[in-house]
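Colleague: I have the file open. Can you talk me through it, starting with the core?

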Amino acid sequence: MIRLYDTIEPNVIDEELLKLAVEEQGPQEAAGQVAKQEGINFKDVKSLQLDFQNILRIDNLWQFESLTKLQLDNNIIEKIDGLESLVNLVWLDLSFNNIESIEGLDTLVKLEDLSLFSNRISKMDAMDTLVKLQVFSIGNNMLDNLLNVIYLRRFPFLRSLNLAGNPICEEEDYKLFVTAYLPDLVYLDFRLIDPHTAKLGDAKYQYSIYELKHRENYIQSKLEEEQANIAELEKHKAAYVEYLNGPYLFDSLYLDDIEAAKLAYLPGVPELLETYKTKFVTVCQTLFDYGLIQEEKRKAEVAIFYECLEEALQDNRAIGLKTIEDFEKIHFAALHTIRNANDLQFVDTKLSECAEEISQLFDVLMTLEMQLVEQLEESINSFERNIIDMVGVFVENVQGLMAQCRDLENHHHEKLLEISINTLEKIVKSEFDEDLPDDVRTLFSDKDTVVNAVGASHDMHLLKIDNREDDLITNVTNWCTAIVNKVHDDELNRNRKRVKEINQYVDHLQNELDNLDFGDLTD
């Protein structure tokens with residue numbers, strides 16, 4: 001196959017090409033010349049036209065983060081890539097290229113209009129994230145299976161579809177099939193779908209569509225169930241008690257525990273295990289329920305703090321704005337008087353008064369800020385004490401419940417060791433009549449082997465319990481430290497910003513006063 005770029009030199013999307021394209025598409029009058037001289041920020045560009053440029057590969061577009069319209073038609077592009085940063089793209093034209101598969105569109109979640117007309121595409125897929133798609137043109141490609149149309153059912157806003165020029169258009173029931181499976185479509189191949197065609201299609205494929213809808217509903221319900229489970233798990237993780245609402249931790253104790261699996265064959269051990277599991281899971285459930293309750297209390301404490309914080313900020317801001325508003329009324333009137341005065345002594349007196357008033361305004365604004373700092377410091381310290389106390393109590397109770405888990409494990413260990421030693425004594429005396437697998441019977445060659453096997457299992461269980469406790473305490477403690485540090489850092493940054501704003505405002509007033517234009521003055 002002879003490719004277009006065998007005879008035409010491929011082009012690349014480089015800085016020079018991008019600058020030229022942006023300049024040509026920008027305003028050409030005075031504003032455009034100024035922009036050209038000062039330089040163009042690609043981040044601000046909304047529309048970009050790169051058609052008929054012999055471009056082989058999409059590249060170097062990462063700076064165009066505000067781009068909403070991109071024209072790349074009539075090039076020699078073979079692969080869709082390099083678009084992942086264009087998350088604000090609404091309109092994309094990739095028609096008249098050499099693209100063979102749909103890919104690289106995952107991040108373009110705002111895309112509404114997509115043209116892949118006249119390429120080499122044989123399958124419609126990899127567009128699941130384009131949930132806002134309304135107009136899709138994929139005519140003059142290599143689609144030869146009508147089942148491709150079913151893929152488009154996932155786009156609820158799709159209203160215009162162009163498939164003209166594909167092999168599927170030669171199918172006898174092409175239009176009926178498309179209108180039946182895409183009932184919300186308004187335009188097909190640039191023609192308005194007439195109600196009669198839609199009705200015929202619906203009648204012809206109603207049973208197939210009924211089955212399809214049934215499958216889609218089933219898949220959707222499973223998806224929603226999975227999403228709900230994920231959301232629920234995230235809620236549990238936020239409370240640091242994930243997988244404690246059931247036998248997960250208990251089952252993990254015995255995961256890869258070869259010795260415990262062997263010892264489970266001993267008479268009385270299955271019943272012992274069941275009792276142990278029931279009690280262990282009950283403690284875990286208690287910890288889980290308690291963790292969720294404490295998470296809600298922590299969330300409420302944080303919410304109340306930020307609510308009080310915002311209220312204090314708004315009150316202080318209102319007083320500050322009123323102070324400035326009152327000052328500016330008097331100050332600007334004084335400036336007007338000074339500009340129109342012609343007596344030098346009067347002007348000097350008024351200038352001194354204005355300078356003093358500016359100084360007084362600075363003092364008032366800084367006093368307001370210091371009052372706010374003291375108020376917020378008290379609130380922050382109170383919040384810090386409360387949140388640390390809450391986490392401290394939570395950790396204490398977690399340690400207590402985890403200690404119960406260890407007690408249960410220790411009790412189980414003692415009972416299991418007792419059963420194992422009794423079994424060994426019976427085997428030695430040839431009084432043990434139960435059938436045991438060979439690998440289990442080898443454990444009972446001597447007392448040390450039995451004790452070591454039971455002990456190894458016990459140590460593994462205790463380690464896993466300890467690790468889960470450490471993870472929980474570490475995570476909640478880290479959260480506590482992080483949120484307290486954030487509150488302090490945010491307040492420090494807010495204060496610095498506010499002091500800077502006050503200084504800049506006062507400096508502006510003073511500079512305006514120092515550079516005031518006067519009329520003709522007389523002594």
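Modeller: Keep in mind that this is a predicted model. The largest nonpolar core has 61 residues, and Leu-61, Phe-136 and Leu-163 have the most contacts inside it.

Colleague: Which helices supply at least two residues of this core each?

Modeller: Helix 1 (15-25), helix 3 (148-151), helix 4 (174-181) and helix 6 (206-238) do. Helix 4 gives the most, with six residues.

Colleague: And what is Phe-136 in contact with, leaving aside its neighbours within four places in sequence?

Modeller: Its partners include Leu-114, Leu-116, Met-124 and Met-127, and also Leu-152, Leu-158 and Leu-161. Ser-160 and Asn-162 are in contact with Phe-136 as well.

Colleague: On to the helices. At what angle do helix 10 and helix 12 pack?

Modeller: About 175 degrees, with the axes of helix 10 (residues 344-428) and helix 12 (residues 447-514) 10 Å apart. An angle over 145 degrees counts as roughly antiparallel, so helix 10 is roughly antiparallel to helix 12. By class, their contact has 44 nonpolar, 13 polar and 11 charged residues.

Colleague: How do helix 9 and helix 12 cross?

Modeller: At roughly 5 degrees, and the axes of helix 9 (residues 269-340) and helix 12 come within 13 Å. Helix 9 and helix 12 are therefore roughly parallel to each other. The contact of helix 9 with helix 12 divides into 19 nonpolar residues, one polar and five charged.

Colleague: How many bridges join strand 8 to strand 9?

Modeller: Two, and strand 8 (residues 160-162) and strand 9 (residues 187-188) run parallel. Leu-161 has Leu-188 in strand 9 as its bridge partner.

Colleague: Last topic, backbone angles. What is phi of Asn-54?

Modeller: Near 60 degrees, a positive value in a residue other than glycine. Asn-54 lies in the loop between strand 2 and strand 3 (55-57) and is partly exposed, with a relative accessible area of 26%.

Colleague: And where is Phe-96?

Modeller: In the loop between strand 5 (91-93) and strand 6 (113-115). Phe-96 has a positive phi of about 55 degrees although it is not a glycine. Its relative accessible area is 38%, so Phe-96 is partly exposed.

Note on methods
Residues numbered from 1 in each chain as written. Predicted model: local features only at pLDDT ≥ 70, side-chain atom pairs only at ≥ 80, totals over all residues. Heavy atoms only, no water. Axes fitted to C-alpha atoms, helices over the stretch in contact; angles between N-to-C directions. Helix = DSSP H or I, 4+ residues; strand = E, 2+ residues; numbered from the N terminus. Parallel < 35°, antiparallel > 145°, perpendicular 65-115°, else oblique. Nonpolar A, V, L, I, M, F, W, Y, C, P; charged D, E, K, R; others polar. Core = buried A, V, L, I, M, F, W, Y, C linked by side-chain atoms within 4.5 Å. Buried < 20%, exposed > 50% of the residue type's maximum accessible area, 1.4 Å probe, protein only. Contact = heavy atoms within 4.5 Å. Pairing = 2+ DSSP bridges.
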